[in-house]
Amino acid sequence: MQRTSLIFIALVALFLLSPLLLNPYWVDVLNNVGLYAILGLSLNLIVGHAGLFNLGHAAFYAVGAYTAAILNTRFQIPVLWLLPICALSSGLFAGIIARPIIHLRGDYLCIVTIGMGEIVRIALLNNVFGITGGVNGIFGIARPSLFGISIQTPHEFFYLIWGFVSLTIFLFHRLENSRFGRALNYLREDEVAAEGSGVNVAHYKLACFVLGAAWAGMAGDIFAAKMTIISPESFSFWESVLMFTLIILGGSGSIPGVMLGAFLIIGLPEVFREFANARLLVFGAAMVAMMIFRTEGILPPRPRTYPSIEPPSGEGRR
Amino acid sequence: MSILSVTGLTKSFGGLMAVNDVSFDLAEGSIVGLIGPNGAGKTTVFNLITGIYRPDKGDIRFTETPIVRLPTHRIVSLGVARTFQTIRLFQNLSVLENVLSGCHCRMKAGPLRAMLRTPGQLREERRALERALGLLGFVRLRHEAQQLAKNLSYGNQRLLEIARGLATEPRLLILDEPSGGMNEQETIDLIVLIGKLRGRGITILLIEHRMSLVMRLCENIVVLDYGAKIAEGAPEEIKQDPRVIEAYLGTEEGEGE
């Protein structure tokens, strides 16, 4: 037990020092992994914990990114100050959009969320309200600065992004092990039984959408600050698919699973850049193999532990 | 005083009259049986009381409060808990977490307090945990607390459903065939358990096919046939009622002692 935690600490330390050893290109790859980790963790609340199929998460990401871009370029508000505002706008958007569709089940909800994602992307393309800049998007977003230090290079962004990832893991771990996290699991397992046990199912479905979207909105804010240019093509259906796949591959409902998924889905293709043409083939084969051999993902969630309880009796644990 | 009063309850599905003008009252602290042949509309009555279906006509009052239009979770938090005929546990969650689901409506902490782990939230979690473990002890499943619900035996799954219902702190507990799938010994234990629940002041309404259990426990019995109430009374009267014998005891099974 002690040994594994030592190894874990050593790995984290090595990871935090890795920018010193890597060139900017690879640090940027790690930054992308970090962004998708945030997005994956936020979508994990909806897909992994509540079991609601959402294939339109890029829409919430886009709302956050565009909120940051518009407010920053027009009113020169520093991007990091905009984090809560992006969370709010994205969460509000999700609340309004999800309310009428939340009672849909499984594949029906999935299709509607795909539609929602596309509508948002096309609205952005068509320069909705004349503020999104159409196909070209918005450029000239200011770099963030933290405690007077301007964050510009990939190395600097590495610490901003992975700091946010760490905060997300810390908070979401607590959330998982709470009344809220359990309620999401109850409604995933059996809606009727959850409602019959006194859980307000409709409320929690909406709440997980709003919270997941708010987090994706903040990821959008960081993304806008990192790129300084955003355009609709960054928020395509494919982005939603990536976020969804990394959860399913890594282990839905499991924070270590989502982290691993982000590394595999976003990081690995960069490692095997030479085989770019075969990427989708390998990707597909890996998914098929997983569906056969490990349906719960590579690192499925471990059962929660509670203090003052003796270990389980008998066999048959998963 | 009656804790639950049902008047003129009617529900049809398409052309099928599932429940037809059913009325009855439950005295607080009593154990009442709802019996009738298969398809008589018993479970539909339960689903109407707990808000899963909405009645076409009729009124349901729980402690004088009308509950017909309320969503299920509101009815639960008012103090009506139930178990299901086809067991509906959260199969892939632990036994303990299944009971904690019942504690949910008596807790308050939302996502923000969970993320901040405020002292109040921690205290609330600890209290819920203690209460859930206490209830598991009550149904004698404490040693299985960390086991997944799906690994329990059928009889124990029924007990776990009862524990989950009790965790909502009900004043009325509705049991849909609690002895289904239990063996003789488990059924005897169940009878003792239900007796203890009455000792705690909980009113009980149950659907049951085992006449031995119904006759032993219930002080009042309501008989349904084709969605309509055909008789109501003490076990002795029901046993002698010719309509009941014709509809149920005479044709279905001769188990009624």
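## Where the chains meet

In this model, 37 residues of chain B are in contact with 32 residues of chain A, contact being C-beta atoms, placed from the backbone, within 7 Å. On the side of chain B that touches chain A, the elements giving two or more residues are α2 (72-78), α3 (95-103) and α4 (111-116) of chain B. Helices here are DSSP runs of H or I with at least four residues and strands are runs of E with at least two, numbered from the N terminus. The largest share, five residues, comes from α3(B). By class, that side of chain B has 15 nonpolar, 16 polar and six charged residues. Ala, Val, Leu, Ile, Met, Phe, Trp, Tyr, Cys and Pro count as nonpolar, Asp, Glu, Lys and Arg as charged, and the others, Gly among them, as polar.

A word on the ground rules. The model is predicted, with local features needing pLDDT of at least 70 and side-chain atom pairs counting only at pLDDT 80 or more, while totals for chains, interfaces and linings use all residues. Residues are numbered from 1 along each chain as its sequence is written, and chains are lettered from A and ligands numbered from 1 in the order in which they are written.

## Chain B: two domains

Chain B splits into domain 1 (1-79 + 170-257) and domain 2 (91-167), with bounds from an automatic or database domain assignment. Their centres, taken over C-alpha atoms, are 27 Å apart. Domain 1 of chain B puts 11 residues into the contact and domain 2 of chain B puts in eight. On the domain 1 side, α2 and α7 (184-199) of chain B each give two or more residues, and α2(B) has the largest share with three. That domain 1 side has six nonpolar, four polar and one charged residues.

## Chain B: two sheets

Start with the four-stranded one: an open sheet in the order β2-β1-β4-β5 (chain B), paired antiparallel. Two strands pair if DSSP finds at least two bridges between them. The edge strands, each pairing on one side only, are β2 (16-27) and β5 (65-66) of chain B. Helix α1 (residues 42-49) of chain B packs on this sheet, where α1(B) touches β1, β2 and β4 of chain B and makes about 65° with the direction of β2(B). Such angles run from 0 to 180 degrees between N-to-C directions, with axes fitted to C-alpha atoms, for helices over the stretch in contact.

The strand pairings look like this:

| Strands | Bridges | Direction | A facing pair |
|---|---|---|---|
| β4(B) and β5(B) | two | antiparallel | Phe62(B) and Thr65(B) |

Helix α10 (residues 237-250) of chain A has 14 residues and reaches 20 Å from its first C-alpha to its last, close to the 20 Å expected at 1.5 Å a residue. The expected span is 1.5 Å times one less than the number of residues.

Which residues of α10(A) are buried? They are Glu239(A), Ser240(A), Leu242(A), Met243(A), Phe244(A), Leu246(A), Ile247(A), Leu249(A) and Gly250(A). Buried means 20 or more other C-beta atoms within 10 Å of the residue's own, with C-beta atoms placed from the backbone; exposed is 12 or fewer, and partly exposed is in between. The buried residues of α10(A) pack against α2 (24-49), α3 (57-75), α5 (106-125), α11 (255-271) and α12 of chain A. Just after α10(A), Gly251(A) takes a positive phi of about 140°.

Helix α12 (residues 279-293) of chain A is hardly covered: of its 15 residues, the count of buried ones is zero.

Technical notes: Two residues are in contact if their C-beta atoms, placed from the backbone, lie within 7 Å.
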